[in-house]
Amino acid sequence: MHLKSVNLAALVAAFMLAGVSPTFGQRANTEITRLISQAGILLNQTGGTEARKFELSLDDAVERALERNLDIAVQRINPLVQDLSIASADAAFLPILQSGFGLNRATTPSRTQLDGGNLAGSDAVVTDRGSYDLGIGQQVKWGGGNYNLNWDSNRFESTSRFSRFNPSYGANLSIGYTQPLLRGFTTNNQRRQLAVSRINRDISDIDLEETIANTLADVRSAYWELAYAAATVDVQLEALELAEQLVRDNEARVEIGTLAPIDIVQAQSEAAARRQSLAQAQQVLRTNELALKTLIVSSTTDELWNARLTPSDQPYISATPIDIETAVQDALNRRTDVSRIRRQRDINDVTVDTLRNNTLPSLDVVSEFQLTGQGGTQLINSRLGGPTTVRVPGGYGDAINNIVDTNFPIWNVQLQMSYPLGQSADKAEYARARLQLQQAEAQIRQVELQIATEVTNAALQIDAIQERIEAASAARDLAEQQLRAEESKFEVGQVTNFFVVQAQRDLSAARDTELRAILDYQKAIIEFERVQRTSLTRSGISLVGGGAPQ
């Protein structure tokens with residue numbers, strides 16, 4: 001049987017037209033709309049309150065979920081948190097400014113002539129010191145080196161007779177740079193942490209995409225469940241109408257004497273069972289409606305929370321063949337779980353590189369260049385410790401001039417090396433990390449095989465459900481014919497009331513089976529689309545060296 005697009009509303013309307021195949025005309029749509037409206041009125045009456053009806057299309061439901069779903073809203077915060085983690089890791093490479101200021105006065109007794117006290121030895125030596133320093137340092141991303149630039153100033157004044165400058169002003173300018181040549185040159189722990197934080201930021205985007213994909217799949221599935229529940233209510237209403245019509249017909253036959261009164265009881269029992277089935281269908285409708293609302297509203301104050309939702313879209317069946325090979329390849333390229341584990345593998349690569357670098361010898365070039373300046377009032381004595389004969393005025397500017405003129409340069413270059421003898425802990429960690437990296441590669445291949453299996457199974461489910469729909473449509477058509485036949489036989493007295501009731505039950509069951517098959521087809525399509533984008537289970541791989549997502 002060639003499959004065409006099947007409109008659910010037209011299908012349900014066709015159920016009420018004995019012997020007529022499903023059509024797609026405007027009359028069928030109008031009829032199903034009328035029945036759903038009747039079902040909504042009945043629900044409002046039984047609920048005790050008149051709820052506002054709201055026609056909702058599938059696109060509207062998806063749009064509302066994107067705007068208001070709380071799971072998506074929560075997940076949208078994670079990328080912002082990861083941005084702060086990147087900023088925190090990047091802070092290790094920011095310049096650090098430091099400064100200090102100090103004052104000190106020391107009064108010490110003069111114990112020897114070299115202390116600089118007076119000759120009697122009774123005077124104390126009073127020393128005033130003041131210092132100020134300003135410096136900046138930074139760890140450099142490229143090459144792993146670090147530099148520091150410092151400016152030191154000091155003032156010294158003392159009552160000692162041996163002071164040459166009193167007060168004395170000193171200034172020092174020093175520039176230092178340390179450059180690793182082996183360990184720490186290509187990477188180190190700080191650069192590793194920054195790289196991992198950036199990868200974790202990408203993973204948070206993947207998690208957001210996964211949450212959106214799964215949520216929208218849940219919305220579509222809940223939408224069609226609600227449409228199925230509404231159509232089931234219509235089917236049960238029609239079944240109840242058939243049962244009540246049989247009761248009325250039997251009562252008329254009993255009045256004219258062509259039927260025994262006991263046959264009315266059986267028809268009434270069937271009508272009561274149909275009312276029970278209708279009540280159950282109405283309960284399912286309310287439950288499915290609540291499930292959809294949970295996905296598309298942000299709170300109980302939302303306009304849809306107390307509204308009666310009526311699906312306006314109808315499901316369809318497409319005869320377009322499925323290209324499984326293309327679908328599998330698309331899933332391998334775009335699925336969030338495989339994207340996540342590939343980024344987690346990148347974390348392992350970064351960690352392994354860092355551990356490999358840690359096994360190298362430490363070989364650093366340490367360089368420093370310093371300029372010193374001296375200034376202040378110079379005291380010239382006739383003899384050591386004697387009275388001052390000449391005072392040469394000076395100040396802090398003299399120290400600055402010494403530095404500008406590079407009068408007193410000092411430079412220093414060192415090559416420092418260290419290497420542990422024997423099997424170090426770094427080598428053991430690196431060997432373990434390489435094994436874990438091999439394990440992660442195997443896990444990736446395992447996930448890729450799982451993805452191919454899931455996509456293929458989803459495609460096979462669609463083909464199988466299409467066959468179910470064909471069989472269910474044929475069974476429903478035969479059940480309608482059987483009911484007409486039993487009613488004709490009952491009219492002429494060839495069968496009892498029991499066979500008519502049984503045929504009505506079979507028809508109701510056949511209609512529900514066909515509706516269920518059409519719903520399962522819609523859900524299979526949703527699942528087929530979802531497994532090409534994401535997975536219900538979050539796949540991951542073992543991370544090396546504590547590089548787990550923050």
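A salt bridge here is a side-chain nitrogen of Lys or Arg within 4 Å of a carboxyl oxygen of Asp or Glu, and this structure holds 30 of them. Keep in mind that the model is predicted: local features need pLDDT of at least 70, side-chain atom pairs count only at pLDDT 80 or more, and totals for chains, interfaces and linings use all residues. Numbering runs from 1 along each chain as its sequence is written, and side-chain values use heavy atoms, with hydrogens and water left out.

Let's start with Asp 128 and Arg 105, whose closest N and O atoms sit 2.5 Å apart in a salt bridge. The pair links distant parts of the chain, with Asp 128 in strand β3 and Arg 105 in strand β2, 23 residues apart. Strands are DSSP runs of E, at least two residues, and helices are runs of H or I, at least four, both numbered from the N terminus.

Now for the helices. In α11 (residues 425–491), Arg 476 and Glu 480 are four residues apart, about one turn, and they form a salt bridge at 3.3 Å between the closest N and O atoms. Helix α12 (residues 497–530) has Glu 527 and Arg 530, three residues apart, which meet in a salt bridge too (2.5 Å, N to O). Salt bridges that share partners also join Glu 225, Arg 468, Arg 516, Asp 520 and Lys 523 into one network.

Finally, look at Arg 201 in helix α6 (residues 189–256). Its side chain makes a polar contact with that of Asp 83 at 2.6 Å (a pair of N or O atoms within 3.5 Å; within protein, one must be able to donate a hydrogen and the other to accept it, and residues adjacent in sequence count only if both atoms are side-chain atoms).
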